[in-house]
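Please look over the sequence and the 3D structure shown here, and then follow the explanation below with both of them open.

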Amino acid sequence: MTTLAASSSGRSRWWQNRAVRKFMRHRLALVGMVMITALTLACIVGPWLLPYDSLHIDLRARFAPPLTGQHYLGTDPLGRDIAARLLEAGRISLLVGFAAMLLSTLIGAVIGVVAGYRGGWIGATLMRLVDAFLAFPSIFLVLALAALLKPSPTMITVIIAVTSWMEVARIVEAEVRSLREREFVLAGRMLGLSGAHIMFREILPNVIGPIIVAATLTVARAILLEAYVSFLGYGIQPPLPSWGNMLNGAQQYLDKAPWLAIIPGLTITIAVTSFNFIGDGLRDALDVRNDRM
Amino acid sequence: MAAQNGTTRRSALKLMGILGATGLVAPHLLGKPAFAADKAAPSGRIIVGISQEVTVLNPLMVKIEVDDAVHFSVFDALFRVMPDGTIVPNLAAEVPTQDNGGISADGLEWRVKLRDDVKWHDGAPFTAEDVKYTLELIVNPNFRSWRTIGHSLVKDITVVSPTEITWKMERPFAPYMSFLTETFMVPKHILEAEADPNTAAFNQNPIGTGAFKFQNRVAGDLVSLVANTDYHGEGPYIEQLVFKYIPDGTVLYTQFKSGDIDLLGRQYITPDNYEEASKLPGRVVTLVPSSSVECIYLNNERPQFKELAVREAIYAAIDKSSIIDALYYGLPESVETFMPRTSYYNKADLPKHEFNLDHARKLLDDAGWVPGADGIRVKDGVRLAFKNSTTSGNQLREQLQQFMQQTLREIGVEMTIENLPAAVIWGEFWTQSQFDSVVVGITFLIGADPDVTNRFHSTAIAAQGGRGSNNSQFKNARVDELLEQGSRTFDPEARKAIYDEVQDIIRAELPFLPLFSDNSARGWKAGIEGVEHNGNTRSESWHAAAWKWVG
Amino acid sequence: MLVFLLNRLWQSIILLVIVSIIGFLVLNLMPGGPLAQFTLDPGMTQADIERLSEQMGLNRPLPVQYADWAWRMLQGDWGTSYRDGAPVLEVIRRHLFATLLLMGSSTVIAIALGTWIGIRGATHQYSGFDYAATVGAMIALSIPTFWFGLIGIYVFSLELGWVPAGNMYTIGKESALNYLHHLILPSIVLSLVNVATWSRYMRSATLDVISQDFIKTARAKGVPERRVLRKHVVGNALLPMITLAGMHLPSILGGALVTETVFTWPGMGRLFLDSLGYSDYPVVMGLLMFSAILTLLGNLIADIVVAMVDPRIRLG
């Protein structure tokens with residue numbers, strides 16, 4: 001944090017390079033990077049390479065175990081190819097994860113910066129709001145909102161974002177509060193720059209490190225949340241596959257078709273682990289204090 | 001009604017027709033005298049596994065299906081409906097009919113004689129005062145009661161003697177007899193002392209006249225009952241009856257397999273487990289016809305569905321046999337009507353559904369629905385696209401939806417799936433007809449009575465200011481007329497003719513698309529005897545008094 | 001101290017009000033409602049539904065309903081459940097035991113295992129063990145809890161038959177052993193995330209302590225390593241963990257919710273989902289307030305304990 005503030009005045013490239021170098025030395029982060037890139041590529045390209053369409057129903061082929069003919073990962077209860085669905089689902093789940101991250105980071109950063117810079121009753125009110133949201137079991141808000149809004153990938157994204165911005169807001173608020181009285185901010189104020197300019201042009205770039213770290217972990221969290229909500233049937237609607245709704249129903253067939261549960265779950269774990277690895281690497285590279293998991 | 005009893009049922013109903021009565025005057029089948037002598041001390045325990053939690057213990061308060069299991073065991077109604085549809089006395093001494101003078105010739109005056117040997121679980125005697133209190137409580141405007149259909153027509157309730165009660169009806173209403181088999185009597189001497197019947201202590205600790213006394217409830221877990229050794233009817237033979245709540249179907253079945261539960265309640269055995277279950281050693285597994293009909297409910301006010309040709313085409317494009325054979329493992333039976341297969345009023349010779357995509361396309365072509373650029377048909381600016389909803393998380397229905405979606409696409413019809421949580425979909429979305437179409441399992445009859453005014457009469461459309469559950473917004477003058485006539489008619493044969501015509505019209509008009517009726521797989525341990533299916537009730541435990549362990 | 005307490009109390013009350021308003025709003029804006037479960041009943045007409053809505057006060061304007069709820073709440077009346085008519089506090093109390101049992105046992109596992117892994121990782125920094133623990137913890141944090149539960153059921157119940165697939169006990173065979181048998185799998189599943197979090201924190205807390213002067217002094221004085229660990233390191237490292245335990249209450253509660261769903265555990269998580277499914281507003285609101293109060297209390301107690309244990313931290 002201190003390093004960042006110090007380096008703020010001259011936005012030179014050297015720290016960037018240093019961070020990149022540090023990141024590259026972080027073996028786990030590299031592993032995560034490679035895994036997530038591979039997964040993303042597979043999801044983008046894969047569906048065109050597979051012999052089956054993810055939506056094609058073939059009741060004669062239901063419950064084929066993995067490695068049956070060209071169904072490399074088997075088929076689901078409607079005889080659809082799981083490999084095709086898994087990759088198609090990846091597009092949606094990853095997209096929802098990323099979009100939710102962007103949105104929640106945006107909300108969190110704005111609220112955090114405003115609360116930290118303004119302080120006083122505005123800051124106090126905003127931070128109480130953060131506390132209030134944190135006091136909810138997040139699954140409550142997600143389920144209630146999913147019932148309130150008609151489920152679609154966009155809505156799920158919004159819902160996840162609305163329930164996961166608090167962490168970022170807290171981090172940013174704390175950082176901004178500590179920067180508020182620093183020389184460059186005071187200088188900006190003397191120069192008569194507007195509050196908004198100081199907040200978003202001068203201060204925000206200095207807290208970008210913690211935001212990036214938090215954002216990476218938010219992607220991981222968003223993927224998990226989407227999976228759980230869709231698993232309960234409140235999320236992405238069929239026939240569109242998502243990693244979560246592929247698990248929906250797997251419990252019923254656990255005995256006869258365990259691959260229905262194993263394959264998507266494993267994929268989720270791999271994706272989320274990758275993001276957590278990357279987040280960890282970024283934290284080291286950007287010198288963000290390790291005060292959360 | 002059990003299908004195998006077809007002949008007995010038919011002849012019994014003929015007899016009813018001759019008598020011109022609502023119910024058959026049955027001998028004291030369940031009466032004490034026949035069984036009192038050889039009544040051994042009850043022994044053993046039966047654990048019933050159910051997938052929904054028992055919620056309401058007061059049998060008159062608004063409740064859900066699963067609660068019936070407890071109510072049928074702890075309480076008694078004046079009459080009992082048997083599996084074959086005949087109505088026999090329970091707390092009443094006989095079934096009033098127009099023939100025996102219990103119901104006046106115009107159907108307006110009712111006189112019910114009661115048993116004199118019935119006691120509440122606390123020892124107080126059951127009398128006509130309790131019946132009067134019960135019937136009045138149901139229509140008490142401050143009481144959160146369950147169904148009020150029929151009860152709201154009752155007036156001038158008079159206690160003639162402790163064992164005799166009379167009342168008048170505002171208009172002749174034949175279904176009422178059937179409703180009374182589900183109207184459980186509550187004790188006046190206990191409830192009267194309570195300030196507010198909605199929050200009475202009785203609601204947590206019910207006292208009835210039934211074969212079992214309430215023992216305790218462990219929230220989120222079970223309800224436990226113990227034998228009432230002073231029961232006035234047959235049984236009970238078992239000492240303890242437990243309803244265990246197991247929310248997950250897989251766990252429910254696993255526990256049935258492992259023997260942790262003795263008898264499977266609601267949700268029963270899922271179709272995919274039936275084959276395995278039927279081979280389990282030491283378990284009795286049978287298929288029983290369900291009285292509910294799985295259907296695609298259409299909102300007939302939507303421009304897409306206004307035309308009969310469209311409804312017919314969609315119906316013809318549903319591959320029923322693949323759905324039944326593959327998705328439901330061949331268990332359900334395709335049906336063409338709302339009337340349960342086991343009902344005396346079921347019309348068997350309705351036109352049979354035929355899966356034929358070419359026919360479907362032709363119907364749409366002839367009606368002027370032309371495929372647009374995206375392959376979806378259009379007519380007068382209306383795209384032949386609609387949403388289909390059902391309860392989210394219902395696996396089998398979701399599979400059915402996706403399968404239908406694929407076939408409909410082939411005839412140029414676009415169906416999108418939009419499922420909603422139970423508390424949302426069955427709220428205004430359903431009652432105010434805000435849906436395009438839903439997949440729903442509906443029990444159309446109230447008890448065993450064939451009256452469906454609530455579902456198909458044009459004045460029952462809530463979305464148009466009506467007060468019933470005609471959610472498909474079906475309107476047909478002839479059907480209205482027939483339904484009105486049917487509810488005034490007591491003679492079963494005359495009613496059969498009426499409801500046959502109703503079924504003919506509904507099959508031709510297709511306000512909803514009937515898919516199939518389930519054969520639910522019931523199971524219990526081989527040592528249990530006396531379990532009988534009764535399609536006229538909503539519970540497998542409608543007569544747990546007769547259950548016993550043998551061997 | 002008193003000023004601090006009063007201040008915190010005041011903030012907590014405001015927080016509870018905000019929580020209750022958000023909760024109430026979200027819950028009531030949800031279409032459908034508590035009467036939806038009755039509309040498929042063949043004999044329930046629209047007239048019946050409207051009558052019930054009137055009787056239950058569901059057709060009143062939202063602010064009125066909220067004011068009514070809040071006013072009763074202030075008098076200690078949490079309302080009665082729409083589902084079974086029992087008072088909300090009673091409903092919560094009935095489900096509390098199952099959840100506490102599950103949370104308790106999983107916390108014990110998490111603390112025992114987490115502390116051991118954390119300290120060992122710190123004292124053997126950059127060893128194979130440390131590395132494996134780090135990677136393991138990250139993977140553990142990435143596994144969807146419900147999926148882990150499913151796989152656990154598949155392997156240990158369906159395939160191996162070692163433990164039951166769900167429920168808290170077998171009827172008719174209730175014994176401590178039977179409860180324990182049912183408890184094993186869900187508490188392991190629930191503790192997974194907590195072991196990971198706990199061990200990570202424990203590791204960094206231990207590292208902090210180890211690098212401090214008084215430890216170096218102790219070592220220099222020739223105090224045996226085991227004793228240093230036991231007396232100084234563990235004691236001092238555990239301190240921040242107390243705060244952590246308080247802060248983690250809601251997440252453990254949330255985890256319990258998921259675990260209870262998969263294992264059909266009759267606790268509060270199950271109750272919460274069921275009540276939400278039935279739109280049993282009084283119970284859902286009750287559970288929300290209950291968990292919010294618990295969270296705030298956890299934070300508060302953590303602060304106070306830390307302040308009392310460590311005089312260096314001043315409150316205020």
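Predicted model: local features only at pLDDT ≥ 70, side-chain atom pairs only at ≥ 80, totals over all residues.

The contact between chain C and chain A takes 36 residues from chain C and 40 residues from chain A. On the side of chain C that touches chain A, the elements that give two or more residues are helix H1 (2-29), helix H5 (128-142), helix H6 (145-159), helix H7 (176-210), helix H10 (249-262) and helix H12 (281-309) of chain C. The largest share of this side, eight residues, comes from H1(C). Sorted by class, the side of chain C that touches chain A has 29 nonpolar, six polar and one charged residues.

The contact between chain C and chain B takes 41 residues from chain C and 47 residues from chain B. Here the elements of chain C that give two or more residues are helix H2 (46-55), helix H4 (88-123) and helix H11 (268-278), and H2(C) gives the most, with six residues. By class, the side of chain C that touches chain B has 18 nonpolar, 17 polar and six charged residues.

Turning to chain B, an unreviewed UniProt entry carries the annotation "domain: Solute-binding protein family", which covers residues 86-458 of chain B. The end C-alpha atoms of this span lie 31 Å apart, and the span is 25% helix and 22% strand.

One sheet of chain B can be followed strand by strand. It is an open sheet of three strands in the order E4-E6-E5 (chain B), with antiparallel pairing. Strand E4 (109-113) and strand E5 (154-161) of chain B stand at the edges and have a single partner strand each, so one side of each is left without a neighbour in the sheet. Neighbouring strands of this sheet are turned by 20° against each other on average, direction ignored. Five bridges join E4(B) to strand E6 (residues 164-169) of chain B, and the bridge partner of Arg111(B) in E6(B) is Thr166(B). Helix H4 (residues 128-138) of chain B lies across E5 and E6 of chain B, running at about 170° to E5(B).

Another strand of chain B shows burial. Five of the six residues of strand E1 (residues 45-50) of chain B are buried, so this strand is largely enclosed by the rest of the structure. Six bridges join E1(B) to strand E9 (residues 240-245) of chain B, and these two strands run parallel, with Ile46(B) standing opposite Leu241(B) in E9(B). E1(B) is also joined by two bridges to strand E10 (residues 263-264) of chain B, again in parallel, and in E10(B) the bridge partner of Val48(B) is Leu263(B).

In helix H9 (residues 308-316) of chain B, the buried residues include Val310(B), Ile314(B) and Tyr315(B). The buried residues of H9(B) pack against strand E11 (283-298), helix H11 (357-366), helix H12 (395-410) and strand E19 (512-525) of chain B.

Technical notes:
Residues numbered from 1 in each chain as written. Chains lettered and ligands numbered in written order. Contact = placed C-beta atoms within 7 Å. Helix = DSSP H or I, 4+ residues; strand = E, 2+ residues; numbered from the N terminus. Nonpolar A, V, L, I, M, F, W, Y, C, P; charged D, E, K, R; others polar. UniProt positions renumbered as here; feature names shortened; annotations may be inferred. Pairing = 2+ DSSP bridges. Axes fitted to C-alpha atoms, helices over the stretch in contact; angles between N-to-C directions. Buried ≥ 20, exposed ≤ 12 C-beta atoms within 10 Å, placed from the backbone.
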